[in-house]
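This report walks through selected features of one protein model. Please keep the sequence and the coordinates in view while reading.

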Amino acid sequence: MRSSAQNGAWNVRLLKTLDEAVPLLTSGDELVLGLPVAAVLAQRFRLPTVDPSEFPEMVRIQIEKALPFSADELTTDFEVIEQNETESVVSAVAVRNEQLAELAAPLLDRGHIPRQVTVYAAQRASTHAPKGRALLIYPEGETLVSAITENGKVSLTRTLEGVRPEQLQTDLPQLALSAELQGITASFPNVLLDETCYELRDTVQEILDRRPELVGSETPPASIKLNLLPESWRQRRSQLARRGEWRKQMVRAAAIYAGILLLFLVYLAFTRFEIARLDRSIKRESPEMNFVRATDANWKSLAPAIDARYYPVEILLHLFESLPSPDVRITAYNQSARQISVDGEANTAALAYQFADKVKKNPDLRVFQFAMADPRILSGNGHAQFRLEGRPK
């Protein structure tokens, strides 16, 4: 059975063997393996009610006492049928690890490890008879099985010798007797018969004096606590899950790397295209650019002669306008095509710095970039001699 993602329904396919199911599975499927009754050992216990943390160990000890196998050979689990303050009734189920591995070999060989291994009879019981006692009769492969359930938990199971009505006349009373010996009341409020065994309905009614209810495939079966997944399978499943996660991360990283590489290649191609386009544009416009450069150089060389901002008289006028006080005097002025220099003397070094600052801020002298070294202090009168140099920007 597989959930249908389109409408919430379930797709059901009948397959004869597990080998036929394996090709239908994918690595991302969450598998639940329901074991046949013939593969498990079910036992019903009455135990004193103790601390819940001690209860699993008590059940394990009881199972080891009841079964002729060592604990290392088995995987066990249990469900509480009913419980009060003094007593607990427990349904314990065990499976031999070797037999389980043989049954699940087609899955294990392909790397499909179930997330839960349970008993199909328990799934059917939990689905159709979650409360009270019930007798469930249904086929498993070529055999007919019966399971007595209490509150949806399997208490007693039997594989019936055959499906002939006269055979049921013998097997079902023996099953009822076995139930009484284990403390299970042999009257069943619910008798469930698989719909594929419709021809046995009258026979079952005659034996049990109750009309059985026909049930079909559970879609989906109810989820149950019972899990017989061996510890080695759990570890292997965790390893496969981690490996799958690593594979996803590697694929994601490879995709990101490929995307980055693709973007880089696109960027590289675009850059080369732009460079080629710019080279063609530069080559095409090179004559005009050379003309502009030559013209600009000519204008710069002629600037001192034709630009009023470079006239010595204009520059001197703005220099005198920038004098902070009569205590600052200009003693020498030199000008060339590339530089001007102003020598002067101030009563104090502060006045020299103040003069230099005002010259730099003068809007009419901003065509020059001025710099001044530290003034030289005269020993005789303490005046500060300075030199202010300016270069065209």
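Glutamate 87 forms a salt bridge with arginine 46, with 3.1 Å between the closest N and O atoms. A salt bridge here is a side-chain nitrogen of Lys or Arg within 4 Å of a carboxyl oxygen of Asp or Glu. Glutamate 87 sits in strand E6 (residues 87-96) and arginine 46 in strand E4 (residues 41-48), so the pair ties together parts that are 41 residues apart in sequence. Helices (H or I, at least four residues) and strands (E, at least two) are DSSP runs, numbered from the N terminus.

The model is predicted: local features need pLDDT of at least 70, side-chain atom pairs count only at pLDDT 80 or more, and totals for chains, interfaces and linings use all residues. Residues are numbered from 1 along each chain as its sequence is written, and side-chain values use heavy atoms, with hydrogens and water left out.

## Confidence

pLDDT is the predictor's confidence in each residue, from 0 to 100. The protein chain has a mean of 86, and 98% of its residues reach 70 or more. Confidence is lowest in strand E1 (residues 2-3), at a mean of 73. It is highest in E14, at 94. Where pLDDT is low, the predicted coordinates should not be read in detail.

## Salt bridges

The count comes to 13 salt bridges. Side chains of opposite charge can pair when their charged atoms come close. Three of these pairs, including the one above, are listed here.

| Residue | Partner | N to O distance |
|---|---|---|
| Glutamate 87 | Arginine 46 | 3.1 Å |
| Arginine 96 | Glutamate 98 | 3.5 Å |
| Glutamate 231 | Arginine 234 | 3.8 Å |

How accessible are these residues? Buried means under 20% relative accessible area, exposed over 50%, and partly exposed in between (1.4 Å probe, protein chains only). Glutamate 87 is partly exposed, at 31%. Arginine 46 is partly exposed too, at 43%. Arginine 96 has 28% and is partly exposed, while glutamate 98 reaches 51% and counts as exposed.

Glutamate 231 and arginine 234 are three residues apart in helix H8 (residues 231-306), which separates them by about one helical turn. Arginine 234 is partly exposed, with 34% relative accessibility. Salt bridges that share partners also join Glu30, Arg115 and Arg237 into one network.

## Strand E8 and its partners

Six of the eight residues of E8 are buried, so this strand is largely enclosed by the rest of the structure. Two strands pair if DSSP finds at least two bridges between them. E8 pairs with strand E9 (residues 143-150) in the antiparallel sense, over eight bridges. Arginine 133 stands opposite glutamate 150 in E9. The two strands form a hairpin with two residues between them. Glycine 141, in the turn, has a positive phi of about 70 degrees.

E8 also pairs with E11, in the parallel sense and over four bridges. There, isoleucine 137 stands opposite leucine 193 in E11.

## Helix H7

The buried residues of helix H7 (residues 201-208) are Arg201, Thr203 and Val204. They cover an arc of only 165 degrees around the axis, which puts them on the same side of H7. The arc is that of the directions from the helix axis to the C-beta atoms. What covers these residues includes strand E8 (133-140), helix H6 (165-181), strand E11 (190-194) and strand E12 (213-215). Contact means heavy atoms within 4.5 Å. The face turned away from the buried side carries the exposed residues Asp202 and Glu206. Aspartate 209 follows H7, and its phi is positive, near 55 degrees.

## Arginine 124

Arginine 124 lies in helix H5 (residues 120-128). Its relative accessible area is 1%, so arginine 124 is buried. Not counting residues up to four places away in sequence, arginine 124 touches Ala129, Leu136, Tyr138, Asp194, Val215, Gly216, Ser217 and Glu218.

## Histidine 383

Histidine 383 lies in the loop between strand E16 (376-377) and strand E17 (384-392). Histidine 383 is buried, at 17%. A polar contact of 2.8 Å joins its side chain to that of glutamate 345. A polar contact is a pair of N or O atoms within 3.5 Å; within protein, one must be able to donate a hydrogen and the other to accept it, and residues adjacent in sequence count only if both atoms are side-chain atoms.
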